[in-house]
Amino acid sequence: KWMIASHLALAKRRECLQPFAELLMCDDFGLRWRTLDELRRITAQEFGYYAAGDADERAEPAKKWQQWVEEEGQTAELYFDPKDEGAALQLFNGKDLTGWVERRIGDRGVPDPADQAARLSSWSVDGDHLVCAGFHRGTLQTEALFLNYVLSLEYLLPGGQGDSGIGIFADRNGEGYLEVQLLHGKTGDLYRIGDIDVTTAAGTPLGFQAPKLAESNEQLGEWNLLEIRVNDGAAVVTVNGVEQNRASDCPRTPGGIVIRNEGDRVEFRRMKLRKL
């Protein structure tokens with residue numbers, strides 16, 4: 001089935017999608033991972049499927065893949081050509097937090113009593129615009145895990161006062177990851193969160209914090225571009241095109257992406273992930 005699906009994909013035939021989707025429930029982990037890689041590349045879709053999960057954990061996202069193939073597979077834009085292997089994945093569906101897990105630490109600030117939605121979640125999604133209102137400290141984390149990629153996003157710290165961060169190499173429970181600080185004047189600093197081994201740009205183990213390497217070029221109160229390149233256990237962080245920090249000897253296994261809620265309002269847009 002894998003050989004058939006692969007040859008259909010090489011021939012740019014939509015018929016490859018059905019056998020790929022069926023293989024998501026096969027018994028071979030390596031085959032499941034390669035299959036997921038192909039489905040993501042060809043469709044640019046993401047349904048929170050975890051290739052290393054047990055059968056019960058994989059069943060629901062595999063069903064979502066199957067449903068998408070049946071309903072959209074014959075008409076959706078597909079990316080067969082090698083030049084499209086790096087097609088960007090939209091990490092948010094433009095409507096809600098599907099594909100993400102919210103974890104809360106506590107409350108900070110008092111939302112408008114009339115705003116019931118704010119009481120339920122600090123996060124709201126509208127198209128490519130993600131807003132953290134800051135009512136509940138905690139995190140958002142992708143259900144999916146990623147290996148080698150470039151993550152790009154624009155962020156806005158209203159009035160230059162917001163505090164947030166982006167976590168990479170996150171474990172499934174969000175208890176260990178490398179944080180890229182988002183805080184005016186300090187964006188690009190690296191922090192060790194929980195149990196993770198990382199080597200700093202200075203060649204020393206990261207204890208808690210590693211300051212950024214270049215003077216900040218953030219625009220106060222404006223949208224700024226953050227790019228994080230993760231490849232083979234190394235990470236490079238740039239802000240507005242200027243390298244701010246780097247790390248090596250990071251985990252060489254797939255990890256989640258985390259967005260931190262530090263209790264402040266922070267806005268994000270144009271968040272995309274391009275696989276390497």
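Biologist: Hi! What do the buried residues of helix 1 pack against?
Modeller: They pack against helix 2 (17–23) and helix 3. Contact means heavy atoms within 4.5 Å. Helices are DSSP runs of H or I with at least four residues, strands are runs of E with at least two, and both are numbered from the N terminus.

Biologist: Before we go on, what kind of model is this?
Modeller: It is a predicted model, in which local features need pLDDT of at least 70 and side-chain atom pairs count only at pLDDT 80 or more, while totals for chains, interfaces and linings use all residues. Residues are numbered from 1 along each chain as its sequence is written, and side-chain values use heavy atoms, with hydrogens and water left out.

Biologist: Thanks! Back to helix 1: which residues are buried there?
Modeller: In helix 1, residues 2–10, the buried ones are Ala-5, Ser-6, Leu-8 and Ala-9. Buried is under 20% relative accessible area, exposed is over 50%, and partly exposed is in between, using a 1.4 Å probe and protein chains only.

Biologist: Why do they line one face of the helix?
Modeller: Looking down the axis of helix 1, the buried residues fall within an arc of 160°, so they line one face. The arc is that of the directions from the helix axis to the C-beta atoms. On the other side, Met-3, Ile-4, His-7 and Leu-10 are exposed.

Biologist: What about helix 3 and helix 4, how do they cross?
Modeller: The axes of helix 3 (residues 29–43) and helix 4 (residues 55–72) come within 13 Å and cross at roughly 40°. Those axes are lines fitted to C-alpha atoms, for helices over the stretch in contact, with angles from 0 to 180 degrees between N-to-C directions.

Biologist: Left-handed or right-handed?
Modeller: Helix 3 passes helix 4 in a left-handed crossing. That is, the near helix is turned anticlockwise from the far one by less than a right angle; clockwise would be right-handed.

Biologist: And which residues make the contact?
Modeller: Helix 3 brings Arg-32, Leu-36, Leu-39, Arg-40 and Thr-43, and helix 4 brings Arg-58, Trp-65 and Trp-68.

Biologist: Where does Ala-44 lie?
Modeller: Ala-44 lies in the loop between helix 3 and helix 4. Although Ala-44 is not a glycine, it has a positive phi of about 60°. At 18% relative accessibility, Ala-44 counts as buried.

Biologist: Changing topic: which residues touch the most other members of the largest nonpolar core?
Modeller: Of its 43 residues, those are Ile-166, Leu-226, Ile-259 and Phe-268. A nonpolar core is a set of buried Ala, Val, Leu, Ile, Met, Phe, Trp, Tyr and Cys residues joined through side-chain atoms within 4.5 Å. Apart from it lies another core, of 22 residues, among them Ala-21, Trp-33, Tyr-49 and Phe-80.

Biologist: Last one: where is Pro-158 found?
Modeller: Pro-158 is in the loop between strand 6 (149–156) and strand 7 (163–170).

Biologist: And what does Pro-158 touch?
Modeller: Not counting residues up to four places away in sequence, Pro-158 touches Arg-265, Val-266 and Glu-267. Pro-158 is partly exposed, with a relative accessible area of 28%.
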